[in-house]
Amino acid sequence: MQRIARARIVVLYIVLTLLCFGGSLLADSEEANELCTEWKKKASDAMDRDLSLAIALADSAELVAQQASLWEQQISVQVWKARISRYWNELQDAKFYLEKAQVLLEDYKQFLSPEQAEFRELDIKIRIGAYYRLIGDLPSAQRTFDPIVEELRAKPQLTDPLYNHLMVAILNQASVAKDLGNIDKAIETLQYVINYEEQRAKEENRPAVYGSSYSRLAELFALKGELRSARKYYLRGAKFYEQLFAESPEKKSKYRAYIIKLYLGLADTYAKLEQHEQAELNFDKAQRCHRPKDPEFAGTYEKIGRYHLQAGNLDKATYYLEQSESHWEMREGSKKFHLRSGTYFALSQLYQQQGDWQKAKQYVQAGIENLLVKSEGQSFDTNPPIDLVHSKSLFLDGLVQKTKLQFEMARAAESSDPAVWKACWKSSQLSFDLLENMRCELSRKSDKQAFIERAYPLLEIALEVAYELGEEYHEAAWSCMERSKALLLMQGLQESTAMSVSGIPADQQETFKDLRLAIFSEEQKLLKANEEELRQIKISIYEKQNELEEIEKRWRQNFPAFAAASANFEEQEAVHIQQQLKENQTVLEYFVGARHYYIVKIESDQAPQLHRFAIHPQMLSYCRELKRDVQEKRDQQYLYKARFLHDHLIGRAELGELKEELILIPDAELWHVPFDILLSEDMNDLDFANAPYLLRSHIIGYAFSMRWFSELVQRSEQSELSGVLCMAPSFLKDGLTVSTRGAEALQLAPLKYNMQEVKGIGNLIDAAVCTGSSATKAYFTENAGNFAIIHVASHAFVDDQYPEHSFIAFTNQGNSGNENRLFISELHNHPIRAEIVILSACETGAGKALMGEGVISLSRAFARAGARSTMASLWKIDDQSTKNLMSKFYSFLLQKQGRTAALRNAKLAYLKSAEKFEAHPYYWAAFGIYGHTAPVNSISSSRSYLSTNSSLGVSALMSTLLLLVIWYRKKSKAQIEKAA
């Protein structure tokens, strides 16, 4: 019927055209051009009322253009038809018209000026890229937009039309980045657009035009959970449109879709901020902007329905979601459109909350089926392959909803039938596969971390299901945990390996490293910049980030070894990882969920065991507080919490017997716990020298993941480095000497014992000792890569808000600014191949704990740079006791003890000799070892120590002989005198 109606309208308007204007008028190109433009305007006005009418009016414009040989107008009409079709979600029709426009452009290019041809060619390409983005083909969209942006940015000057094309193409790049989950990259891109437009507007002495940039940026901040920033940019966007419509009321229709999206986003933000009156006000504004036949009405109803669903208003949620479904049905019929799936998934969630499992299953399955390129008739308990879906992001939403639904159904049924649980397990595993697939497409570390955090609720379901299914699934559950642990750290190690084995020329690698340092340098300037400087710096950062990505893209294309090495690490089988463990080692890997925490026990001689425990209400707060109790010597609180945490984290009877050496892989708040000082028995006094610490029964080390630990063991077997580098910088600050190595880090006050510490080590082992003003950052970065052991006794500063700005300090004598501070970001450019790095400074193991990834600390930064293990501290350490502890540690390393064993024995020796006051855990328990635990075979006794002792032995022998001679002579003389 639609085609017949459209055909009648086309015939009608063709007849009207011929009757009213005749052939003579069509021969006048100027008047024909005006007529064609008028028909296109009529088509635009009819676009949001009726698809057939709008296309028919555009057909009339096309007829006029053909009759008058208006080459550019013929191309333009095809673009208008594509625009109308896209508005009505007729995406295949839109693509057809754009391809027809491309053919016409090739045919008529000779009749167009170079400027016209370039403008039209780019316009069509941008619209085709937008088509790919709408159908969820993001790689094709990227391949379309990236060359356009690169081409236009390379031009020394841009005309206004080409500048507009550049801005639209970059906005589309931001949308693709958002759809891929690259939220931070999308934010950087939009901020670049805003800053670039402000700069150009200033140069041209005109008002800046932001269009939808503010609301797009606000949407991204909302996705990150930064709601106040989101609200700020939504309100800026609203103000921009208010001013625009006050000056040009006729533009309201053109920008109506943008305004609706802005109101909906603002409403959602207010809802999350629990400002519900404002939320409902903006939802109402969005509804009033729609027209009755508006195809986007369905999306608005869906968002309002989701709002009421989250608020628990199930009656209102039902009304709006059913209205959304009704609008989709009215507009699309049985035709698939991927955005339609959002309504189905929301309806599934609604009926799940109402306990109507059948309808919940029906809608989630309908949503997934709607996303498929082709339907294969999957049942609810089967899942389609990832490569058959239109939109991975929406498919992930559907899989998560389906997994949660299956899980709740299994729990509600209380069935012993494992098939119910197995179906849930399969959905969770496909969700993990999809998450990993999507994460690989991301470029920003923060976005990758967001995906890890997104996986965590799913991981808890997977562990719960595996626990219910029994021991057969314990190894698979452990594999799930590993898929969310230390992924960014592994990627960092992978990048270093890829660059070293790829055959990339050294000058290109240096350029890449210089760009990374330049970006970090620019980011530091942001903290002190004024508004104009901020704009320039952000533009510079964005452009440098793009350069980095272009370099990596070329490397992947031109260096197969780099492409292979920079791919994801293959999952190692449990048996292979277990082969890296010694007979006396037990690994305990933790996961903290919302309801339970899980511990996987791994040993070389038995299959992994999964254990589940309920989370005590105080457990996680005790984990956070314990080290502060120790540092501030709140002894009674420490004694209680240390005993409590021992019983919950280590002393569970279900874990069975633990072997002597423990390798702990904490999670979440557990990263803050110094396990050494957990108490296996109650203490009724403050006899800290003889307390029942876990340290007394076990050697304790830490790892970020088992896969990472296994990789370290294998790399250490290939290590050929030897030698020890010890550095203790001096600091100038008004002659003040401090007793801790971190409290004064920003002022870098002189330390009293750090030089004594490394000189003492130099007397024990064969080491290159660098102290005082010679201990510079430059000396470290030039030489650190050549030593098996690196020891730095200095100041450190940990920035929880901006972890990349944490640093360890070198001498400030003769240096200023950041010349004496080695930041976490800079370590990316300085490969460290050492067997162990000892960071004898404050809080070098502390920092912001990220889900799955561990603590973003200086210790982890050295691990990321390639160190096999690091020794680091959890709190502000005492200068003198640290000196004593380190001396004992090296004496045990010389005996070829393992790294963790040497540290344990050093602590026990310290306790044995410490006075009562100094036996407090604050003075000796801050340090732990992260990574490989084996002995460091390349360490040897100091030559100077041996030669000094040899000289002393010879001197003693000569003195003894001389005394004997003197004694003998005196005795002989006495005997002679007596005989006389």
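Helices (H or I, at least four residues) and strands (E, at least two) are DSSP runs here, numbered from the N terminus. With that in hand, welcome to a predicted model, in which local features need pLDDT of at least 70, side-chain atom pairs count only at pLDDT 80 or more, and totals for chains, interfaces and linings use all residues. Residues are numbered from 1 along each chain as its sequence is written, and side-chain values use heavy atoms, with hydrogens and water left out.

**The chain as a whole**

- The protein chain has 37 helices and 16 strands.
- Of its 980 residues, 55% count as buried, where buried means under 20% relative accessible area, exposed means over 50%, and partly exposed lies in between (1.4 Å probe, protein chains only).
- Take the contacts (heavy atoms within 4.5 Å) between residues at least 6 apart in sequence: 71% of them join residues at least 24 apart.

- Most residues other than glycine have a negative phi.
- Asn205, although not a glycine, has a positive phi of about 55 degrees.
- You will find Asn205 in the loop between helix H9 (183-203) and helix H10 (213-224), and its relative accessibility of 74% makes it exposed.
- Ala668 also has a positive phi, near 50 degrees, and sits in the loop between strand S4 (661-665) and strand S5 (699-702).

**Helix H13 and its buried face**

- Helix H13 (residues 276-289) has 14 residues and reaches 20 Å from its first C-alpha to its last, close to the 20 Å expected; the expected span is 1.5 Å times one less than the number of residues.
- Ala279, Asn282, Phe283 and Ala286 are the buried residues to look for in H13.
- Seen down the axis of H13, these buried residues fall within an arc of 105 degrees, so they line one face of the helix; the arc is that of the directions from the helix axis to the C-beta atoms.
- An α-helix has 3.6 residues a turn, so residues three or four places apart point the same way.
- Exposed Glu277 and Arg288 are on the face of H13 turned away from its buried side.
- Helix H12 (256-272) and helix H14 (297-311) are among the elements covering the buried residues of H13.

**Helix H28 and its neighbours**

- Helix H28 (residues 635-649) has 15 residues and spans 21 Å from first C-alpha to last, close to the 21 Å expected at 1.5 Å a residue.
- Its buried residues include Tyr638, Leu639, Phe644 and Leu645, along with Asp635 and Lys641.
- The buried residues of H28 pack against strand S1 (585-592), strand S2 (596-603), helix H27 (619-631) and helix H36 (921-924).

**How H20 meets H22**

- Helix H20 (residues 445-469) and helix H22 (residues 487-501) pack at about 140 degrees, with their axes 10 Å apart.
- Axes are lines fitted to C-alpha atoms, for helices over the stretch in contact, and angles run from 0 to 180 degrees between N-to-C directions.
- H20 and H22 are therefore oblique to each other, since angles under 35 degrees count as roughly parallel, over 145 as roughly antiparallel, 65 to 115 as roughly perpendicular and the rest as oblique.
- Lys445, Lys448, Gln449 and Ile452 in H20 meet Leu487, Leu488 and Gln491 in H22.

**Two single residues**

- His165 lies in helix H8 (residues 160-180) and is buried, at 7% relative accessibility.
- Not counting residues up to four places away in sequence, His165 touches Phe119, Leu122, Asp123, Ile126 and Leu152.
- Glu550 lies in helix H24 (residues 531-558) and is partly exposed, at 24% relative accessibility.
- The C-alpha atoms of Glu550 and Asp146 are separated by 10.0 Å, with the two residues 404 apart along the chain.
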